[in-house]
Amino acid sequence: MAMIRVRRSDDRGQANHDWLETRYTFSFADYHDADHMGHGSLRVLNEDRVAPGRGFPTHGHRDMEIVTYVLEGALEHRDSMGNGSVLRPGEVQLMSAGTGVTHSEFNPSSDEPLHLLQMWILPARVRTEPRYEQKEFTTHERRGRLRLVVSPDGADESLTIGQNARMYVSLLAPGDAIRHEVPPDQTAWLHVARGALRLADDELGAGDGAAIDGAFELTADADSELVLWETPR
């Protein structure tokens, strides 16, 4: 039987600026909650809504595995490694900051908002060479199942992360069910990006999250999108 601990969307930290509305699942920036400092190796899970034409100017990172998943709109990325790209729904970006990297992130649209998830994973090793990957996972690939998109070994054509961690994404229609077992040496975090899901006796909606250990089943009550992380404890 799974061990489950739910964190409701409204219990998350939040910040609202004139161009950015953000929700923090775990402590971040000026939001501090000693009971929610991360989960396993998952240190950050931020849900950001960025106004058209606005974004994050050039800033630096070090010794962190940074994964970005766009839900709506587009994200323009530029970094000190020479990468320049636009990330759209269905695409996953992984930036291993290692010894240090700077980058900027903007909403390139003049009229469409940007809605994204940014997640930080603590690396297994520090001071590694920075690197960057980006890949599209089609709607068909994500439909009705957990699609592996990030892993430590690049399995199933996923992006390669510097930690024994795995990220899955899924698109579910009403009535779709997923069964999954978290490995004994790992712990999982589920984030509901949109829709409505049933997890054991809990009903989850957009923005809700849950810590999960063991085997579990999810059932969709509406068109839904989810992200699931497995990381070392």
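The legends below describe close-up views of a predicted model.

In this model, local features need pLDDT of at least 70 and side-chain atom pairs count only at pLDDT 80 or more, while totals for chains, interfaces and linings use all residues. Residues are numbered from 1 along each chain as its sequence is written, and side-chain values use heavy atoms, with hydrogens and water left out.

**View 1. The largest nonpolar core has 24 residues.** A nonpolar core is a set of buried Ala, Val, Leu, Ile, Met, Phe, Trp, Tyr and Cys residues joined through side-chain atoms within 4.5 Å. Buried means under 20% relative accessible area, exposed over 50%, and partly exposed in between (1.4 Å probe, protein chains only). V67, Y69, M119, V150, M167 and W229 have the most contacts inside this core. Elements that give two or more residues to the core include β6 (65-72), β11 (114-121) and β22 (224-232). Strands (E, at least two residues) and helices (H or I, at least four) are DSSP runs, numbered from the N terminus. Another core, of 20 residues, lies apart from this one; A2, L148, I178 and V182 are among its residues.

**View 2. Four strands form an open sheet in the order β5-β10-β7-β8.** The pairing is antiparallel; two strands pair if DSSP finds at least two bridges between them. β5 (55-61) and β8 (84-87) each have a single partner strand, so one side of each has no neighbour in the sheet. Between β7 (residues 75-79) and β10 (residues 101-106) there are four bridges. In β10, H103 is the bridge partner of D79.

**View 3. H77 lies in strand β7.** H77 counts as buried because its relative accessibility is 0%. Leaving out residues up to four places away in sequence, H77 touches N83, G84, S85, Q93, M95, H103, S104 and Y132, where contact means heavy atoms within 4.5 Å. The side chains of H77 and D79 make a polar contact (2.7 Å). A polar contact is a pair of N or O atoms within 3.5 Å; within protein, one must be able to donate a hydrogen and the other to accept it, and residues adjacent in sequence count only if both atoms are side-chain atoms.

**View 4. Strand β20 (residues 209-213) is largely enclosed by the rest of the structure, because five of its five residues are buried.** G209, A211 and D213 cover one side and A210 and I212 the other. β20 pairs with β1 (residues 3-7) in the antiparallel sense over five bridges, and A210 is the bridge partner of V6. Four bridges join β20 to β17, also antiparallel, and I212 in β20 stands opposite A188.
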